[in-house]
Amino acid sequence: METVAFYVFAALALAGGLMVVTFENPVSSALSLVLTLFSTAVLFVLLLAHFVAVIQILVYAGAIMILFLFTVMFLNLKPEGLKFESQNLLFKVSMLLAVLLFVGYFASLGFKKGLFLSNISVSEMEGFGTVQGVGTTLFTDYLLPFELTSILILVAIIGVVAIAKKRAN
Amino acid sequence: MNVSIEHYLVLSAILLVIGAYGVIARKNLIIVLMSLELMLNSANLAFVAFSRALGDMTGHVFMIMSITVAAAEVAVGLALLVSIYSNRKTIDIDVLKLLKG
């Protein structure tokens, strides 16, 4: 069951990713990215990361994608702005080789020996991936990085407002 | 056949390469930003997969940090994009080569 779910949603994630980089229309690309992000959220559930999966759907597939779609529709690009110039053959072949390199690397090194998931049974990881577990880790060991994140967001807000004001003048 | 961490890592690597292709090959600045999100998402998948394999929730914390950085990056990137579009009337990265020597 888990194996079937993994392959189905891995295939969906890959299909969504390929559609993001091949579609000419940015709206189609954005919706394909939603497919990829949602499939990844399902894979997170398979990895017992329930809280992170919910965050993925709420923040990534929700808030960030709405920001993208809003910008695409706000700009209202002309058809020539959507044009996708195809690259030459050499470039495509080199990208294909890069893909084969990555897959071959993991296929040759990774599958021989490694940390199989079945080594750790679910029962001995009580509270793994739940809100309580992640929250305890976040607010004890990683409290300082968490607080610094708020400074990052503050800087981003100020930066966006500064850019927007500059445009108005 | 059991699903192992290597399956997730291979998927993550493939998604990363697809995103890298989009960043390099596409001409539309919005789609370049979306491909960047794809690459960040593949890194998140690797974080969570390692977290599951090692039984340590640090990967989840890193993934939450990564989402925060991605959200801030998208907000600033799209604000710059709107600003560029209102000034230059294009978001084609072949046209926007003002800094090219």
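Predicted model: local features only at pLDDT ≥ 70, side-chain atom pairs only at ≥ 80, totals over all residues.
1. Make-up of chain A. The secondary structure consists of 6 helices and 0 strands, and along the sequence the pattern reads α-α-α-α-α-α. Of the 169 residues in chain A, 24% count as buried. Among contacts in chain A with a separation of 6 or more, 55% join residues 24 or more positions apart.

2. Domains of chain A. Chain A is split into domain 1 (2-129) and domain 2 (130-169). Where these two domains touch, 5 residues of domain 1 of chain A are in contact with 5 residues of domain 2 of chain A. On the domain 1 side, the residues comprise 2 nonpolar, 3 polar and no charged.

3. A helix pair in chain A. Helix H2 (residues 26-46) of chain A packs with helix H3 (residues 50-75) of chain A at an angle of about 175 degrees, and their axes lie 9 Å apart. H2(A) is therefore roughly antiparallel to H3(A), since angles over 145 degrees count as such.

4. Residues between those helices. From H2(A) the contact draws on residues including A:Pro26, A:Leu33, A:Leu37, A:Phe38 and A:Phe44. From H3(A) the residues include A:His50, A:Ile57, A:Tyr60, A:Met65 and A:Phe68. By class, the contact of H2(A) with H3(A) has 19 nonpolar, 3 polar and no charged residues.

5. Helix H2 of chain B. The 26 residues of H2(B) should span 38 Å at 1.5 Å a residue, and the end C-alpha atoms of the helix are 38 Å apart, so the two values agree. H2(B) is mostly covered, with 20 of its 26 residues buried. After H2(B) comes B:Gly55, which has a positive phi near 65 degrees.

6. Contact between the chains. Chain B contributes 65 residues to the contact and chain A contributes 71 residues. On the chain B side, helix H1 (5-25), helix H2 (29-54) and helix H3 (58-88) each supply at least two residues. H3(B) gives the most to this side, with 23 residues.

7. Which classes of residue make up the side of chain B that touches chain A? This side holds 43 nonpolar, 16 polar and 6 charged residues.

Terms used
Residues numbered from 1 in each chain as written. Chains lettered and ligands numbered in written order. Contact = placed C-beta atoms within 7 Å. Helix = DSSP H or I, 4+ residues; strand = E, 2+ residues; numbered from the N terminus. Nonpolar A, V, L, I, M, F, W, Y, C, P; charged D, E, K, R; others polar. Domains from an automatic or database assignment. Axes fitted to C-alpha atoms, helices over the stretch in contact; angles between N-to-C directions. Parallel < 35°, antiparallel > 145°, perpendicular 65-115°, else oblique. Expected span 1.5 Å × (residues − 1). Buried ≥ 20, exposed ≤ 12 C-beta atoms within 10 Å, placed from the backbone.
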